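Colleague: I would like to learn how to read a protein model. Please take me through one, feature by feature.

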Amino acid sequence: MRYSILFIVFCINLSIGASIANAQIFPKIIKKNNTTQSSGNTQERRNIELRAFDQESYLRTLTSVTDSIIFENNVNLGRVKSIISEDRNIMIWAPTNQLIKVSEQIQIDSIWVTAFEYYSSWDSNKIDIYNFDPKSFKDTINIQLYDEFYGYNYSMPLETTPVTSPYGYRWRRWHYGTDLDLNTGDPVYSAFDGIVRIKSYDRYGYGYYIVVRHKNGLETLYGHLSKQLVDIGQEVKAGELIAKGGNTGKSTGSHLHYELRYRGLAFDAEKVYDFPEYKILNQNYQITPALFGNIVQARTNAYHKVKKGENLGSIARKYGVSVSSLTRLNGISTRTILKIGQNLRVK
């Protein structure tokens with residue numbers, strides 16, 4: 001009787017695994033596993049009391065715990081998982097019917113990666129892949145940044161975090177990150193638990209940079225690095241060393257360009273952090289339409305590229321605006337000499 005039950009459970013488990021595998025196949029996440037199986041595991045498994053396997057309950061439980069960004073790891077999956085499985089690091093799960101678009105052959109099988117619409121695609125080349133229009137965003141989204149009870153922590157990105165340049169308008173353009181002072185070679189840490197989505201180089205901007213997708217619904221970007229210490233698809237924990245700081249790309253001195261992003265759009269990190277006090281302001285943060293007001297405004301702005309022979313008067317007449325309006329919008333005076341190719345905001 002003992003072996004009959006074992007055979008039935010084994011067949012059911014194979015059937016479930018086959019049907020799910022046919023529906024969706026994901027490559028594996030790069031994990032660092034320093035633990036080893038103890039010799040007592042075999043004897044321990046022999047002592048497990050065999051029990052009937054309820055397929056419907058199994059799938060129903062997995063579906064309920066996979067439809068959330070943060071995986072509810074307080075659910076004891078050992079109780080709903082087939083007792084035949086010998087690998088405790090592998091879990092068969094019910095798909096959320098959202099496929100991942102993999103631009104590189106990197107395997108992603110973490111449940112939370114595909115949980116919500118802004119996690120339904122994966123691209124390791126482009127930073128903003130979400131096609132999120134802040135104009136149509138009317139909701140208030142509560143983001144739980146960390147939860148120590150469930151083992152999701154946070155970390156400051158550097159050992160010290162003096163701000164040298166805040167998020168905001170500077171040098172006639174918008175600065176979408178917060179610059180934190182460091183010396184080249186200083187360690188840079190992952191702010192939250194997540195998976196490395198981008199490891200790249202931008203000669204005219206970020207230099208060597210990394211983007212990490214986090215379980216809490218945000219992404220973080222780390223720019224101007226001197227060395228990248230993680231790979232695309234690697235799972236990282238909050239506080240894990242991911243890079244060394246530097247002065248690469250468009251940078252005037254060693255610092256970390258740090259960005260918080262929601263659905264691809266950067267927002268002011270100082271709304272989440274108190275950098276001088278070296279802490280996060282609150283365990284929760286609310287994403288509101290007002291957070292992206294500057295981006296909405298920037299997308300409605302119009303610019304004109306200055307051509308040979310043009311001046312403020314001719315440009316103003318072309319767009320039906322006043323010269324004073326042009327000078328105000330661009331922070332210049334009527335005596336400013338325009339350069340060919342210069343972008344002027346006209347509205």
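Colleague: Among contacts between residues at least 6 apart in sequence, what share joins residues at least 24 apart?

Modeller: First, a caution. This is a predicted model, where local features need pLDDT of at least 70, side-chain atom pairs count only at pLDDT 80 or more, and totals for chains, interfaces and linings use all residues. Residues are numbered from 1 along each chain as its sequence is written, and side-chain values use heavy atoms, with hydrogens and water left out. Now your question. A contact means heavy atoms within 4.5 Å. Of the contacts you describe, 67% join residues at least 24 apart.

Colleague: How many helices and strands are there?

Modeller: Helices (H or I, at least four residues) and strands (E, at least two) are DSSP runs, numbered from the N terminus. The protein has 6 helices and 18 strands.

Colleague: What percentage of the residues is buried?

Modeller: Buried means under 20% relative accessible area, exposed over 50%, and partly exposed in between (1.4 Å probe, protein chains only). Here 46% of the 347 residues are buried.

Colleague: Which residues of helix α6 are buried?

Modeller: Start with the general idea. An α-helix has 3.6 residues a turn, so residues three or four places apart point the same way. Now the case. Helix α6 covers residues 323-330, and its buried residues are Ser325, Leu326, Thr327, Leu329 and Asn330. Their cover includes α5 (312-319) and β18 (343-345). Ser325 counts as buried because its relative accessibility is 15%. Ser325 and Val346 are 21 residues apart in sequence, but 7.9 Å apart in space, C-alpha to C-alpha. Just after α6, Gly331 takes a positive phi of about 65°.

Colleague: Which residues other than glycine have a positive phi?

Modeller: Asn131 is one of them, with phi near 50°. Asn131 sits in the loop between α3 (55-66) and β1. Asn131 is exposed, because its relative accessible area is 73%. Tyr278 also has a positive phi, of about 60°. Its loop runs between β14 (273-274) and β15 (279-280). Tyr278 is partly exposed, at 36% relative accessibility.

Colleague: Which way do the side chains of strand β16 point?

Modeller: They alternate along residues 284-287. Two strands pair if DSSP finds at least two bridges between them. Strand β1 (residues 141-144) pairs with β16 in the antiparallel sense, over 4 bridges.

Colleague: How many aromatic pairs does a search of the whole structure find?

Modeller: Rings of Phe, Tyr and Trp (its six-membered ring) pair if their centres lie within 6.5 Å; planes under 30 degrees apart count as stacked, over 60 as edge-to-face and the rest as tilted. The search finds 17 pairs. Tyr167 and Trp174 have ring centres 6.0 Å apart and planes at 75°, so they are edge-to-face. Tyr206 and Tyr209 have centres 5.2 Å apart and planes at 45°, so that pair is tilted. Both Tyr206 and Tyr209 are buried. Tyr167 is buried, at 13% relative accessible area, whereas Trp174 is partly exposed, at 28%.

Colleague: Which residues form one aromatic cluster?

Modeller: Phe132, Phe137, Tyr262 and Phe292 do.
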